[in-house]
Amino acid sequence: LGAFRAATERAMELNSRDSEAMAMLGILMGYAGDWDRCLEMTQRAMAINPDHPGWYRFGQFFYQYSQGNDEQALEIVERINMPNYFPEVYGRCICHAQLGHKQAAKEALDEFLALWPYSMEAFREHLDRWMFAQPKLFKRVGDGLEKAGLVIQ
């Protein structure tokens with residue numbers, strides 16, 4: 001993670017106006033455990049590109065979700081507006097499940113399962129790959145999916 005953080009900072013020095021790189025690296029900084037830097041970078045990326053794609057908000061979404069701010073997380077994930085992109089769909093699913101919106105969670109879970117063609121073991125590996133430095137977030141995502149009716153083991 002140390003090398004990643006150094007490379008991220010160097011990339012931002014070299015490309016301070018590249019909103020796509022800034023947003024993606026910001027999100028990865030959040031997954032690496034530096035939520036303050038994640039939020040700073042993604043907000044700056046959105047300011048540089050006011051017509052940014054919805055995925056720029058994933059760092060904000062996962063930060064709010066990790067903090068248990070499920071209402072705010074749901075508002076953010078709905079603004080991502082990428083209904084055929086499985087992280088947006090499972091994001092809606094876990095928020096609705098945590099908030100006790102059983103029907104909405106089930107509908108989002110069904111959408112997710114239609115989009116995810118692989119095993120649940122592969123999904124667990126996917127989460128582990130992205131969230132390896134955030135075990136509490138990983139657990140909370142699993143908890144939300146379980147509340148929606150899906151156990152990823």
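Student: Which residue forms a salt bridge with aspartate 143?

Tutor: A quick note before that: this is a predicted model, where local features need pLDDT of at least 70, side-chain atom pairs count only at pLDDT 80 or more, and totals for chains, interfaces and linings use all residues. Residues are numbered from 1 along each chain as its sequence is written, and side-chain values use heavy atoms, with hydrogens and water left out. A salt bridge is a side-chain nitrogen of Lys or Arg within 4 Å of a carboxyl oxygen of Asp or Glu. Here the partner is lysine 147, with the closest N and O atoms 3.5 Å apart. Helices are DSSP runs (H or I, at least four residues), numbered from the N terminus.

Student: Which parts of the chain does the pair of arginine 37 and glutamate 9 link?

Tutor: Their side chains meet in a salt bridge at 2.7 Å, N to O. That pair links distant parts of the chain, with arginine 37 in helix H3 (residues 35-48) and glutamate 9 in helix H1 (residues 2-14), 28 residues apart.

Student: Is arginine 37 buried or exposed?

Tutor: Buried means under 20% relative accessible area, exposed over 50%, and partly exposed in between (1.4 Å probe, protein chains only). Arginine 37 has 18%, so it's buried, whereas glutamate 9 is partly exposed at 28%.

Student: How many residues of H6 are buried?

Tutor: 13 of the 14, so H6 is largely enclosed by the rest of the structure.

How values were computed
Helix = DSSP H or I, 4+ residues; strand = E, 2+ residues; numbered from the N terminus.
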